[in-house]
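Hi there,

Here is the structure I promised to pass on. Have a look, and then read on for what turned up in it.

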Amino acid sequence: MIKVVNKACQVLAALAGIAALVFFFFTFVKYNMADGTTVGASGFQIAFGTELYNGLDVAKSSKILFNILLTILSAATAIFTFFSKSQGLKYFNAAISAVVAVFMLVVYLSEPYKFVDARPFDVNSLVYGSVVIFIAIAMFVATFASVGHILVSDYIAVLESKGAKKPLLKRIWQFFKDYKSETKKIVWPGIKDVLKNTGIVLVMFVVIGAIIWIVDLGLGSLLKAIW
């Protein structure tokens, strides 16, 4: 049953990433033109600057293009987890999915003009299509599914190790406990040591500066004598 849940998380992460990518082919933003016409543009049109209206190309958006590339990477790594047991790949997939999800949420909550260039068209306004929030939701689903896959895979590995391996969350908790105990061993210098070390640094700064100045002066004089 646990392995079925693990595989389901894996499949869901891949499907959610692919769904988000497909959504970029739908109307991402609507251009309300000054002549009263409403024209819709997909995410890919905005990213690559294809022809949109009256023979004019829509201005490219490097931010949307970057997000599409990250979405492709997210979907690809989710698929590759079926063929690779690399833990690093799982973590990378979850991280990329989270970045895209947060980015798309920021896009949805921001004014379209911050991410979509209305040029060269004369527009009254720009309005996001509903797919923007759908992409964000799909990528959040992909993120949660990827994290679920990591946790369940780790739990399976713990069971198979028969207690020799601790669960991931316990290992993370142990790391912070060890880190906290190590920071308590740090001995901070007193005010006298701080002043002493600061004075040494300042003196060395002046000495090195003087040496550089003398060398520079000597070389300058030598060059003048030669030329």
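Let me start with a question: which residue in β5 does Tyr31 stand opposite? Tyr31 faces Leu126 there.

Before the rest, some background. This is a predicted model, so local features need pLDDT of at least 70 and side-chain atom pairs count only at pLDDT 80 or more, while totals for chains, interfaces and linings use all residues. Residues are numbered from 1 along each chain as its sequence is written, and side-chain values use heavy atoms, leaving out hydrogens and water.

**The sheet**

Strand β1 (residues 27-33) is joined to β5 by 5 bridges, and the two run antiparallel. Strands are DSSP runs of E, at least two residues, and helices are runs of H or I, at least four, numbered from the N terminus; two strands pair if DSSP finds at least two bridges between them. The order in this open sheet of 3 strands is β2-β1-β5, with antiparallel pairing. At the edges lie β2 (38-42) and β5 (123-128), each pairing on one side only.

**The cavity**

There is 1 cavity of 30 Å³ or more. A cavity here is a set of points on a 1 Å grid over the protein atoms alone where a 1.4 Å probe fits but cannot get out, and lining residues have an atom within 4 Å of a point. Its lining includes Gln10, Lys90 and His149. Two or more lining residues come from each of α1 (2-23), α4 (87-109) and α5 (131-160), and α5 gives the most, with 3 residues.

Best wishes

Note on methods. 1 Å grid on protein atoms, 1.4 Å probe; cavity = no way out; pocket = protein on both sides within 12 Å on 5 of 7 lines; lining within 4 Å. Points joined across faces, edges and corners; volume = space filled by probe spheres on them.
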